[in-house]
Amino acid sequence: MGKQQRKKPKKLVPEEAWVKIFARLSLRNIARFRSVCKEWKSIIDSEFFRDLYESINSSSSSVSWSIMDRRNKTLSLEIVGHHGCERWGLTNSLGASLITSYNPETTTLRKTSVLSCTDGIVLLYTEDSQGSPMYHVGNPLLRQWVRIPLPPHLSSFDVVRLQENRLFSDTGLVTKMERGIAVGYKVVWILASCVISRELNFMIYSSETGLWKTKNVRTPIALIWSRLKYSVSLNGILYWLAAAGNTIDANHVASYDLFHNDDIDDECNIILFPGKQYLRCQRFKRTITTSARSVMYCNVFSGDGGRIIRVWRLISTNNDPKSWQLLWKLNTKLSLKGLGADYFPVVMHPLNSDIIYLWSRNKNALVLLNLRTHKFSLHKESSSSENKSMDGCIMRFSGCKEYMDLVYPLFYNDFIGNHNLYFSQYVLPRWFNPLPQLSP
């Protein structure tokens, strides 16, 4: 009887072997290979490869992100950058990526500024040497840029005149997400009819049609639109600060869903800020940020012989007492011992709602505070050693102290004057976001 033949182990065909090797690389390196090898582009963009990548890299939850300065009108907007995170593996901050990504070869530019960033996609404004305005939407890491045409009823001169109107905003950008991938986006321009008004005029460009449309949107009550310039984008919804009545502070958040309200002229939602009972001990004017796919409101209050940090999460867009959920309440008398009493909230961590970023004026340092564990760390711009954040990313500072000194009086509650959303987050997605193409 002859020897029974052993079954040889199944060998991976070259394509299968390469797929598993590539799934262990950082997204930055995969993006480089995707851009130079057309044969592999369809494989990398497939759901199979994405699911394989997620299964192998499920532990690498951190992504690169930046805290952006919205008062600066140049491309260098980043004041704090996080890079070197496992998933993307960037050696430089996102601010550096923005600067090197957009480099037109045929047009000489005299002005470039970032208007908005959402889900890894950027709205960019430029002017050519003659002063003509241009708008681009792009993915800086994939070096994809698309020029957005001006609304057909507006000339370049009309756009420049609109930009001089303090009741006009051209910074709106929202995305439509499916399974973590942007499948569409909209550029949103807004013009209020007057300072106190119930009416807003929307001009909306859609990536799905390549066309602009206009809409008239009303609010339930008359609002003061002096804070219309900047917005927060999340899940296809734009959020702004607004005020009603005789107040120097914003007491409402206005919101509008650009995808579910696409075909009708209707009303914005307005949401009353929480914490009215703490108004006398509120130290800073109200502002909003995002974290873990939710809109957040955080402030510092005086009380119990110290400072109390309260953080609310928006859970409903209806104007009722249940619109906000108190997520954290922390008396910092013991938790921030030795820090001093002069600090103010900047943003929440975009992925982890346990972590808040504060600026300490006593220490001239950024404070990363874990609201769950009460642990904190200080990060100074002048430090010669590498700053490591709580999620293991490297932190890079650029003009952070100067900017904090500039905006502090605007946020302090005793300051009589206007304030706005002067901080924003530029967060890379957990997967590629190639620019959506026009629908066929």
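Three bridges join strand 11 to strand 12 (residues 237–242), and the two run antiparallel. Strands here are DSSP runs of E with at least two residues, helices are runs of H or I with at least four, and both are numbered from the N terminus; two strands pair if DSSP finds at least two bridges between them. The model is a predicted one, where local features need pLDDT of at least 70 and side-chain atom pairs count only at pLDDT 80 or more, while totals for chains, interfaces and linings use all residues. Residues are numbered from 1 along each chain as its sequence is written, and side-chain values use heavy atoms, with hydrogens and water left out.

Back to the sheet. Across from S233 stands L238 in strand 12. The open sheet is made of four strands in the order 11-12-13-14, with antiparallel pairing. At its edges are strand 11 (232–234) and strand 14 (269–272), each of which pairs on one side only. From one strand to the next, the twist averages 25° (axes are lines fitted to C-alpha atoms, for helices over the stretch in contact, and angles run from 0 to 180 degrees between N-to-C directions). In a regular strand the side chains alternate between the two faces of the sheet.

Strand 21 (residues 365–370) and strand 22 (residues 376–379) pair in the antiparallel sense over four bridges, and L368 stands opposite S377 in strand 22. Five residues lie between strand 21 and strand 22, and in the turn H374 has a positive phi of about 70°.

Aromatic rings are another topic. Rings of Phe, Tyr and Trp (its six-membered ring) pair if their centres lie within 6.5 Å; planes under 30 degrees apart count as stacked, over 60 as edge-to-face and the rest as tilted. That rule gives 27 aromatic pairs. Take F49 and W431: their ring centres are 6.1 Å apart and their planes stand at 45°, so this pair is tilted. The pair links distant parts of the chain, with F49 in helix 4 (residues 47–56) and W431 in the segment after strand 25 (423–427), 382 residues apart. Buried means under 20% relative accessible area, exposed over 50%, and partly exposed in between (1.4 Å probe, protein chains only). F49 has 0% relative accessibility, so it counts as buried, and W431 is buried too, at 3%.

Y297 and W324 make an edge-to-face pair, 6.4 Å centre to centre with 70° between the planes. Y297 belongs to strand 16 (residues 294–303) and W324 to strand 18 (residues 324–331), 27 residues apart. Y297 is buried at 0% relative accessibility, and W324 is buried with a relative accessible area of 8%.

One aromatic cluster takes in F284, F344, Y403, Y408, F411, Y412, Y422 and F423. The charged end of R310 sits over the ring of Y278, 3.7 Å from its centre.

Finally, S116 is found in strand 3 (residues 109–118) and counts as buried at 6% relative accessibility. Leaving out residues up to four places away in sequence, S116 touches I121, V122, L123, T171 and L173, where contact means heavy atoms within 4.5 Å.

Note on methods:
A charge sits over a ring if NZ of Lys or CZ of Arg is within 6 Å of the ring centre and within 35 degrees of the ring normal.
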